[in-house]
Amino acid sequence: MQAWQKLLIVAALATIIVVAGTLVYFNYFTKRRLFISTTTSLYDTGLLDLIETEYEATHNVDLNILAVGTGIAIQHAQNGDADVVLVHSPSVEKTFLEEGYGENRKIIAYNFFTIIGPEDDPAGIEGKTITDALDGIVTYGDSLADQAGQTQIWVSRGDNSGTHSKEKSLWSKAGYDYESITEEPWYASAGQGMGATLNIANEKEAYCLADIGTYLKYYSDGTISLPALILEEESLLNVYSVMAVSPTVVANQSIHEKISFDDAMEFIEYLVSPETQQLITNYGKDTYGQSLFTGAVQPLIDDSPQPLVSWIQDYAFFDGSECPPQYRNGYADLYT
Amino acid sequence: MMMAVAELKKVTKAYGNKIVVDAVNLQIREGEILALLGPNGSGKTTILKILAFIENPTGGEVKFQGEKVNFKNTEKVRLQSTLVFQKTTLFGTSVYNNIAYGLKMRKVPKETRDREVKKALEIVKLEGFEKRNARKLSGGEQQRVAIARALVLKTKLLLLDEPTANLDPKNAGILEEVIDTVNRENKTAIVMATHNMFQAKKLPHRIALMDEGKITEIGAPAEVFGKLSKNLARFAAVDNTFTGTAKATASGTSKVDIGNNVQIEVTAQRQGATAVFINPQDIIVSKTAVESSARNVFKGKITEIADLDSLVKLKVDVGKPFTVQITKRSFSEMGLCLNAEVFITFKASSVQVL
Amino acid sequence: MADVLGGIVEAFQLIVTGDPEILGIVSRSLLFSGTAVILAILWGTPLAMLIAMKEFRGKTLLKTYFSTLIGLPTVVLGLILFLIFSRGGPLGFLGLLYTPAAIIIGQAILVTPILVSIGVSAIESVDPEIMSLSKTLGASESQAQVAVLKEAASGIILSDIASFNRAIGELGVVLLVGGNIAGFGIRTDVLTTAISRNVQIGEIGLAVALGILLVLILFTINIIIVVLRKANYIVELAKAPYFRLKRYRETK
């Protein structure tokens with residue numbers, strides 16, 4: 001036999017050992033792994049780390065959080081590569097339910113996007129409604145002498161993220177054509193993540209739409225100094241929901257059997273429990289002096305405070321329910 | 001009749017349409033030194049490679065120690081025969097690892113290996129070189145390592161391809177001595193290819209003349225060289241070997257006309273067809289004609305310069321090409337270059353008449 | 001902009017104090033990429049030997065194919081492997097997605113073209129006589145091939161280093177098939193993915209610390225190899241005066 005043939009056999013054996021070793025290890029020596037597909041903006045707040053610690057202390061499951069971007073988060077679930085989906089995009093969630101990939105949706109928390117801007121607020125938007133504020137920004141932008149784009153007063157994520165989609169919808173709601181806004185000399189597109197966009201806005205002393213989690217983190221550690229000018233308005237609402245991936249989606253039941261639909265549901269039940277809801281509401285208070293999220297379960301049961309509950313219902317309910325009956329699968333007590 | 005170590009029967013080797021070995025019959029006897037003498041491209045190297053079992057013949061049969069060799073599986077017989085290449089090839093590692101390589105392949109235990117390597121280095125006069133990087137040695141030392149690497153295996157058959165080509169006289173002398181010793185002490189059968197007639201005359205028990213893939217003449221050196229004159233014209237490619245017609249002179253010497261108006265004076269008294277050989281070391285090179293007692297002075301042009309270790313090998317065309325060797329130092333001091341006009345001078349007594 | 005200087009100071013603090021988070025990330029990077037390169041050497045070397053030592057049709061095409069693959073963007077390979085290892089994909093039944101094995105196999109596939117391409121040219125540049133030489137000294141076909149391989153060692157070591165550098169520095173494969181899972185159980189986050197995430201969430205100090213470590217690891221490994229290769233040379237250098245003296249005495 002020739003040397004390369006011997007080596008190839010060794011190589012094949014080594015590959016088999018790596019694969020088999022991994023399989024044996026994961027099947028017999030570790031806790032069951034529950035894969036949670038989520039968006040980076042949620043993961044980056046650190047809330048899920050806290051939830052993971054608490055959950056694993058009481059449950060014999062290893063939570064594996066996949067934070068690889070909104071699009072691929074959904075893709076994961078469709079391929080059966082995730083067991084639970086945790087996102088904040090009602091329209092996408094609706095499609096997901098309708099196509100039969102998701103089941104037992106629960107709204108678990110909410111917070112608000114915010115518009116931040118320079119301390120002296122030259123466009124005078126502080127405390128205004130979002131529509132008035134955007135009007136103010138356009139007026140101020142147009143009033144600037146045209147310096148061939150030297151002064152930019154609005155920085156957009158420009159990266160097709162969830163936050164970017166939100167920005168687009170805000171502009172159209174205020175009666176503007178987003179395409180023409182992007183061509184204004186005072187408009188800047190960062191094309192990057194929230195952190196980088198915040199840094200750019202800070203340098204330029206510009207206005208910007210931000211998610212509250214990232215904003216508070218950057219603001220509290222002094223990385224940026226722009227204050228939040230508009231808070232808690234209906235159109236700035238951000239709602240987080242959780243869904244279990246339908247057991248019929250999972251392509252390979254045999255491999256997946258160690259993690260069951262019931263494990264996913266157990267995690268969802270944990271998230272909506274009063275203790276976890278309290279944990280979510282308190283998260284960030286110590287660090288930032290205010291919460292990053294508010295638990296949504298109890299408000300929806302109590303139908304109060306208003307108008308918040310009706311905002312949530314308008315924004316994130318489908319057919320008057322957080323999860324219409326046809327998308328439920330057992331676990332009836334979740335919806336009582 | 002002595003037993004044959006190896007025997008070639010009608011062995012032919014062709015690369016594509018080109019026949020390099022043409023139905024050769026050859027016996028290698030136990031304990032003999034056999035020289036294959038012939039110009040470049042006459043098939044010597046191919047025969048050696050076939051005898052080393054690293055080249056498969058296209059036709060014919062090879063017997064080794066009485067048994068027919070199956071060229072599909074030569075792993076076993078290869079252990080009994082080894083070849084030292086003309087172009088010195090060493091592994092890029094220490095001298096020790098080079099010499100011990102074949103012993104390792106034969107699963108010889110380490111202590112024996114160490115001892116054998118030490119002995120082999122002594123034989124080639126490179127004591128204590130074990131840990132040196134083989135490729136950083138001089139050319140002559142490298143060739144001696146290559147020989148030691150073959151000797152240490154104590155094979156039935158030792159094959160040497162131009163063992164002293166491109167060596168300075170000191171290294172060549174050491175090697176010739178080694179070949180002789182090994183043959184006498186271990187009774188190793190040795191086949192060496194050479195185109196150095198001088199060497200061929202000195203070392204071997206038998207000589208086989210090769211030309212265009214065929215063996216044209218085989219026998220004891222004296223016998224072959226006796227018959228050589230009529231074939232020798234074909235061997236003109238061999239350095240400093242010329243054929244011509246000899247005429248006795250009045251002073252008791254002879255003059256051999258080798259053509260192109262070149263007449264070489266020799267001490268022997270000869271008449272008629274004669275072959276002569278001049279050892280390259282015996283020729284003096286100068287930029288002007290030197291006055292001396294030497295009888296042979298020719299003017300010519302340098303047509304080739306080859307770098308040996310401490311020596312430079314020059315080809316000087318004086319009508320016939322002469323090969324001369326001078327030290328590197330005198331080469332640079334004289335400021336010689338290609339196409340430079342030089343004189344070559346040698347004594348009548350240093351011309352060997354074959 | 002973030003305070004870069006502060007980030008660097010914090011980075012050194014984290015490194016010097018041996019922060020367990022950082023140690024974990026570094027050791028995972030070393031383990032995954034190291035195993036991947038070993039695996040790739042095991043299958044890349046015979047491939048290189050096969051291509052370099054055998055004559056067959058399409059040899060040039062195959063060589064071109066491998067040298068082209070060297071430049072494949074890691075994220076493209078990552079995506080392809082993700083779709084293959086995904087539970088819905090052809091190898092989904094193995095359940096390898098988001099396991100270290102997926103990262104190791106992915107990175108091994110990523111660096112195989114480097115090993116094969118450089119390996120082939122290293123083997124092809126070995127004196128063709130080495131093969132015959134080994135054989136006439138008693139080596140079998142297989143042992144002779146190993147001898148040729150040894151002669152090509154320096155080129156092959158070069159390809160090993162280049163492969164390791166690429167494996168430990170890549171982001172696409174490890175992110176897509178590894179999932180960048182941090183937390184408390186099985187983790188698949190490594191230096192590159194952790195750097196990328198920490199930049200995203202504004203943990204500049206940690207990101208800089210990890211970046212410095214990544215560079216340090218590459219630097220250390222390259223230095224070790226250079227020293228190992230030079231070591232032989234240095235020993236030779238140290239011995240040279242002794243041998244010169246000895247030869248001088250001999251000539252006297």
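Analyst: What follows describes the cores and then the strands around one of them. The model is predicted, so local features need pLDDT of at least 70 and side-chain atom pairs count only at pLDDT 80 or more, while totals for chains, interfaces and linings use all residues. Residues are numbered from 1 along each chain as its sequence is written, and chains are lettered from A in the order in which they are written.

A nonpolar core here is a set of buried Ala, Val, Leu, Ile, Met, Phe, Trp, Tyr and Cys residues joined through C-beta atoms within 7 Å, where buried means that 20 or more other C-beta atoms, placed from the backbone, lie within 10 Å of the residue's own. The largest such core has 238 residues, and Val84(A), Ala148(B) and Ile123(C) are among those with the most contacts inside it. Helix 2 of chain C, residues 20-53, gives the most to this core, with 16 residues; helices (H or I, at least four residues) and strands (E, at least two) are DSSP runs numbered from the N terminus. Leaving aside residues up to four places away in sequence, Ile123(C) touches residues including Ala48(C), Met49(C) and Val148(C), a contact being C-beta atoms, placed from the backbone, within 7 Å.

Strand 19 of chain B, residues 341-346, pairs in the antiparallel sense with strand 15, residues 284-286, over three bridges, pairing requiring at least two bridges found by DSSP. Strand 19 also pairs with strand 16 of chain B, residues 296-307, in the antiparallel sense over six bridges. Ser286(B) stands opposite Phe343(B), and Lys301(B) has Glu341(B) as its bridge partner.

Terms used
A residue is buried if 20 or more other C-beta atoms lie within 10 Å of its own, exposed if 12 or fewer, and partly exposed in between; C-beta atoms are placed from the backbone. Two residues are in contact if their C-beta atoms, placed from the backbone, lie within 7 Å.
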